[in-house]
Amino acid sequence: MDERIETTIKNLQKNGMQAFFAKTRQDVCDKVKELLFDGCTITAGGSVSLKESGVWDIMNEKRYNFFDRSRQGITEEEKLQAFKEAIGCDFFFCSANAITENGELVNADGFSNRISSIAFGPKNVIVVAGVNKIVGNVREGMLRIKTTAAPKNAVRLSIPTPCAKLGHCIALERCNDPEFTDGCAGENRICANYLVSAKQLTKNRIKVIICGEELGY
């Protein structure tokens with residue numbers, strides 16, 4: 001484990017989050033299996049990192065009750081139920097747009113089911129993130145959202161935002177030093193709400209698994 005990862009894990013722990021280092025994707029999966037228990041209820045935000053790491057396959061195992069809002073053929077009523085199940089579920093899985101060396105999680109969402117679940121509701125939140133998500137501070141995390149996470153996710157989800165076309169937030173066309181919430185005015189904006197998770201009042205509720213390999217955007 002290099003010094004940057006070690007510092008990040010140490011500061012996540014100082015901020016009341018459990019933090020683990022997993023050298024490989026397989027190690028991530030092994031840690032997730034340690035944390036889960038048979039019959040637990042699981043919900044999740046949309047995440048490339050969860051799928052690339054293999055965690056998504058674990059959540060779908062029959063021993064767990066996974067409310068998958070993205071499964072093929074799901075009805076709008078079932079999707080709404082999946083959102084409701086996030087309140088009080090045993091585990092909510094997601095990734096982070098950025099994790100600072102200071103031990104903070106930096107995230108931006110459109111509909112905000114992910115950031116709302118990180119902030120409150122599920123008994124446990126498990127964040128799976130590749131080493132590529134580590135940044136120096138919150139400011140760098142915001143810029144990572146505007147230059148990497150938001151544009152790539154907009155393309156992945158086929159959302160016709162300016163960032164999907166430009167490869168970066170349109171705010172950067174107007175200013176090299178935009179405010180956190182600067183962006184487009186489109187109805188399909190992918191970064192409508194923001195959350196910085198710092199010192200946690202419920203210790204160890206958020207569990208962060210940092211993988212030594214790159215995962216997601």
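This is a predicted model: local features need pLDDT of at least 70, side-chain atom pairs count only at pLDDT 80 or more; totals for chains, interfaces and linings use all residues.
**The largest pocket**

Begin by selecting Gly46, Arg69, Arg156, Leu157 and Ile190. Of the 40 residues that line the largest pocket, these lie closest to its centre. The volume of this pocket is about 940 Å³.

Next, colour the elements that contribute to the lining. Helix 3 (48–53), helix 5 (76–85), strand 6 (105–109), helix 6 (113–119) and helix 7 (138–156) each provide at least two lining residues. Which helix gives the most to the lining? Select helix 7, which supplies 5 residues.

Colouring the lining of the largest pocket by class shows 17 nonpolar, 13 polar and 10 charged residues.

Now display the side chain of Cys163. With a relative accessibility of 10%, Cys163 counts as buried.

For the model, the count of disulfides is 0.

**The salt bridges**

Side chains of opposite charge can pair when their charged atoms come close. The model has 7 salt bridges, and the following stops visit some of them.

Select Arg63 and Glu61. Their side chains form a salt bridge with an N to O distance of 3.4 Å. Are these residues buried or partly exposed? Arg63 is partly exposed, at 48% relative accessibility, and Glu61 is likewise partly exposed, at 26%.

Then select Arg114 and Asp109, which are joined by a salt bridge whose closest N and O atoms are 2.6 Å apart. Here both Arg114 and Asp109 are buried.

Finally, select Asp177 and Arg139. The closest N and O atoms of this salt bridge are 2.0 Å apart. Asp177 is found in the loop between helix 9 (171–174) and strand 9 (193–197), whereas Arg139 belongs to helix 7, so the pair ties together parts that are 38 residues apart in sequence. Arg139 counts as partly exposed, with a relative accessibility of 31%. This last stop returns the viewer to helix 7, which also gives the most residues to the lining of the largest pocket.

Technical notes. Residues are numbered from 1 along each chain as its sequence is written. Side-chain values use heavy atoms; hydrogens and water are left out. On a 1 Å grid over the protein atoms alone, a cavity is a set of points where a 1.4 Å probe fits but cannot get out, and a pocket is an open set with protein on both sides within 12 Å along at least five of seven lines; lining residues have an atom within 4 Å of a point. Grid points are joined across faces, edges and corners, and a volume is the space filled by probe spheres set on the points. Helices (H or I, at least four residues) and strands (E, at least two) are DSSP runs, numbered from the N terminus. Ala, Val, Leu, Ile, Met, Phe, Trp, Tyr, Cys and Pro count as nonpolar, Asp, Glu, Lys and Arg as charged, and the others, Gly among them, as polar. A disulfide is a pair of cysteine sulfur atoms within 2.5 Å. Buried means under 20% relative accessible area, exposed over 50%, partly exposed in between (1.4 Å probe, protein chains only). A salt bridge is a side-chain nitrogen of Lys or Arg within 4 Å of a carboxyl oxygen of Asp or Glu.
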